[in-house]
Amino acid sequence: MNYLSSWLDHLGYQGSENLISTEHPKNDRPYSAEIEDMLSASRGIGASHVYCVGDVPVVCFFAAAVKPEFHSLKTWADHIRAKVWNQGLASVVIIFQEDELLAFSTLRTNDQELRLGLSEATPTGPWSAYDFSSSAVQQRLPEWFNPELRIDQRLLMNLSKVVSQIQQHGLSREEAEALMAQVIFILYLESRGIVGDCYRAKHHLTSFSTLVTEGDGAGLDTLIRTLAKTFNGDFLNDHGNGPPLWRDVNKRVFADVKRFLLGDDLLSGQFSFWGYDFSIIPVELLSSIYESFLADRQRDQGAYYTPRHLATMAVEEAFARPSIPRKFRVFDGACGSGILLTTAFQKMLAIAEADAGRKLSFAERVDILVHRIFGADVDPTACWITAFSLYLCLLDRLTPSDVAVLQEDKDVTLPPLVSAKIGHGNIMAGKAGDFFGKEPKDKFDILISNPPWKEQRGSVAPFEKLIVDKYHGASIPDRQIAAAYAYVATRRVKVGGTIALVLPLNLLIGLESYRFRQALLELVSIDRIINFADLRHLLFPKAKNACALIIAHPRKKANGRIIAPAEMIEYLSPKADPRLALGAVTITQNDRSLVSPLEVYNHPSVFIQNYWGREEDTALLSRIERFGTVGSAVAQRQWSSAKGFHKTDNNNHAIPLDRPDMRWLAELPFLATRQMPIDHPLLDQDAIMPLVREKFKEVATPGGCKGALFDGPRVIWRNGLSRGLQVRAFYSDRPFAFQHTACCVGGPKEDAEVLQFLSIYLRSELATYFIILSSFSAIADRQAVSKTEVLNLPFILPAHHPNPKLANDVISEVAELFQRLAAIPDWLRKLEYEGCSDWLEQRVLAYFGVTADEADLVRQTARIVAPSLQPTSYKGLSTPLNQRPSVEFMSSYLSTLTDTLKNWQIARGGRGSFKAENLFYDEDRRLGAVHLWVGDRPAAKTESLKNLDLYRKGAGQTGHILEVPDIILAEGRSIYLIKPMQNRYWGVRAALADSERILAGLDAASHSRF
């Protein structure tokens, strides 16, 4: 159909490496099996092409050719939408007709049919490659990409609900979970044709759904016994921890299961989603759903859900090393539902089939499963679910001949997995339930795991004794099980093998985990760390902590130097981007850095500083830190610092306030945290403060340095930061007490003006900037800052200032401001303070000696980066970083870029001057570029990117420039930086990073893409 090619060309897809068809399959990429299903007519979808953003399929294309069984194009489209929705990947279906396309959401709740004529199609318009690769389509139609309506969320919700309902009919939670897993397994066998009409006729069986509808428990037990005899497999046999007999369950269970099978929304009772189609639902999706399902009840064990996309990324990273053995063995010692093992098994099958140049037989698939996949978990139900997931993977995409052999040959069955390969505990260590047991002689090639994130409480645990005995007392921060797991993992893998762990981020970048990282670096070489902090609310919405993926390799034992000077760690820190709503994690050039392990070993904060910072940021921070910190000022001036009093809870010993030695606290006015000023740095005169004893009868600790900080000149701040990461500090010398949710620094009356300036500094953009460079809590935890992190902020006392006159002038000016604020009514203070806020920011920068160029870094960090950190929902992805840059913002980028290159040129004795201009793809400015040259402006072929000869040159090398932006191309004396129209690509940091890339290319004497 020639019109199909015409459409793809008009929309900018032709030549894209991300456009996949049956003629151009990509079997080595993530989700290749799912993409094969999308392209396969025999699987019920039959797309002509699939387009991916990053690794993730986002849209399926079809040529309009309605099959006879569908009476209309809309009926056919609905059939396709249901199939694609059941895959849980692509969000859009597009059907091409000769002169018009029809676009549909895969969500049944959105029945829009959007049309576009061929004459209206452009490479940057609706439904183009750029529309998807830039996520403009998601911003235009957010309701089409609602993650809460995707199959994984709906199936998870319905599974949770049906298990809860079944429990009300006399079954335990474990029995109900096992029963529903059995339901899905049998549905899978029937939907994939492994158990079909011929099999049922031969064995005199009735279909599962019919038996459920009729409430025939005995018939279901007969079906299951027959399947168990035919296929064997742990999941169908009656063992401990398995499902009950159907004949023994309450009849109301059948009604609950029937509603689940119909796809009803069990919470609302409405039928608003497509029915579940287990012939197309990917095995990994089912496994990830059960992973989340199990994690909901394993929270006390520290188990957290591993999202499907994160599992895929972890496996791809773990398998990336070229030296991996041909028949490598994989182990997960905390396998949960088996999402990581299942994803690994699928990858191993794909590798084996690519090597063989054909589909593997059932026997060959069994051989890989039995001899190369191993797992363990402390939860017996998790082991059963892992076996279930691996069986589904084993049976997926069997040839008809293999299905026939499996049905007919009594010697060909599913291999036993539970206890044999998936142990309740670490079966390879010879002790059930103990990953920390005896070290195995036969180690694994790859260990991939998301271990429990749990802090041990109470008495010393066996794993802690093991670390003390076997690992020379290596540090376990906060008694975190995941830290101990990481140590032991180094002895479960061969030297040169690969360890891939999803760990709480604090272990890898937090200041208090410094000793842990030192010990780990002595045991492994680290290839890569991927910091997912900015995505934490979207990847792990139920977890308290952010996570990171670490890829490492056990070291050989050595007596001398352990870390080679040339060794480097690639540190990736992807930021929240609209493409995340499509399932794609975006990693830009600015999200990458190389960090020396020696630097990590010697400097606790290196990963925090490199999360957003560059060399220029580190230089500014280090320069000011040389003069001191807030903490050093506290020590030198003999100030005090503390939190407020702590009220009692179940873990604290109560101190009654009516005790004679506590009356001083009882009689103080009490200022609640919510009453503390937000918009200005002075407490309202009319703040209502009851006495402490009127609000509390007892406390756990008196706080405030035993009352010393409840009166006199002091700076007080809440633990929580504003949305823009501003410290909400204020100054007061009035007597009052406050709770431990606020902190305080106080001193004598002669230091009152310095403390007033400190409160202004803590509220400033400069303090926000330093917090982003140094505070784990603010960037990776909740929007808060600890007392220690504030005390670690740079600060210069006037006596130590390199320009004492400037310092004293600024402090005096701030003191005059406080006098003005104190003299006016409370309701005018906010306006007065806002009116002089820009002046205050300038005076703070002047006090700390910040240059004009550094000030640009500070302002952009505080105003653009800070309010963009850690969006809490997909709707919140339109952050300041992701918004369209203004003309002024882009001009600032150009100035920084050319000035940096000019400085480099002068340093090297070059001639001429760098000049730059902005170009745009079209009048709508959907894509921008910087045209850079030296000397006279080269004759341009066009003033826009649209028809530039580089357009196709770039496409030939790296794909269409519209879908792989943020690249650099060279043509003659011109250099072009092609960039998305988002603030994150046009800031000062981006300009500095781009200048480095240009210089690296010039140093390599490369006039091509670099």
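In this predicted model, four strands make up an open sheet in the order E18-E23-E21-E22, and their pairing is antiparallel. Strand E18 (640–643) and strand E22 (729–732) are the edge strands, each pairing on one side only. From one strand to the next, the twist averages 20 degrees.

Within this sheet, E18 pairs with strand E23 (residues 742–746) in the antiparallel sense, over four bridges. Helix H29 (residues 752–763) lies across strand E21 (714–718), E22 and E23. The direction of H29 is at about 165 degrees to that of E22.

A disulfide is a covalent bond between the sulfur atoms of two cysteines. With a cut-off of 2.5 Å between cysteine sulfur atoms, the model has zero disulfides. Cys705 shows why: the closest cysteine sulfur to its own is that of Cys744, at 8.3 Å, which is too far for a bond. Cys705 is partly exposed, with a relative accessible area of 35%. Cys547, in contrast, has 2% relative accessibility and therefore counts as buried.

Two charged side chains are placed over aromatic rings. The charged end of Arg714 sits over the ring of Phe736, at 4.4 Å from the ring centre. Arg714 falls within the residue range given for E21 (714–718). In the other case, Lys979 lies over the face of Trp986, and the distance to the ring centre is 5.7 Å.

Trp7 and Phe96 are both buried. A pair with another geometry is that of Tyr847 and Phe848, which is edge-to-face: the centres are 5.2 Å apart and the planes are at 65 degrees. Tyr847 and Phe848 are buried as well.

Trp7 and Phe96 belong to one aromatic cluster together with Tyr13, Tyr51 and Phe61.

Notes
Residues numbered from 1 in each chain as written. Predicted model: local features only at pLDDT ≥ 70, side-chain atom pairs only at ≥ 80, totals over all residues. Heavy atoms only, no water. Buried < 20%, exposed > 50% of the residue type's maximum accessible area, 1.4 Å probe, protein only. Phe/Tyr/Trp six-rings, centres within 6.5 Å; stacked < 30°, edge-to-face > 60°. Lys NZ or Arg CZ within 6 Å of the ring centre and 35° of its normal. Pairing = 2+ DSSP bridges. Helix = DSSP H or I, 4+ residues; strand = E, 2+ residues; numbered from the N terminus. Axes fitted to C-alpha atoms, helices over the stretch in contact; angles between N-to-C directions. Contact = heavy atoms within 4.5 Å.
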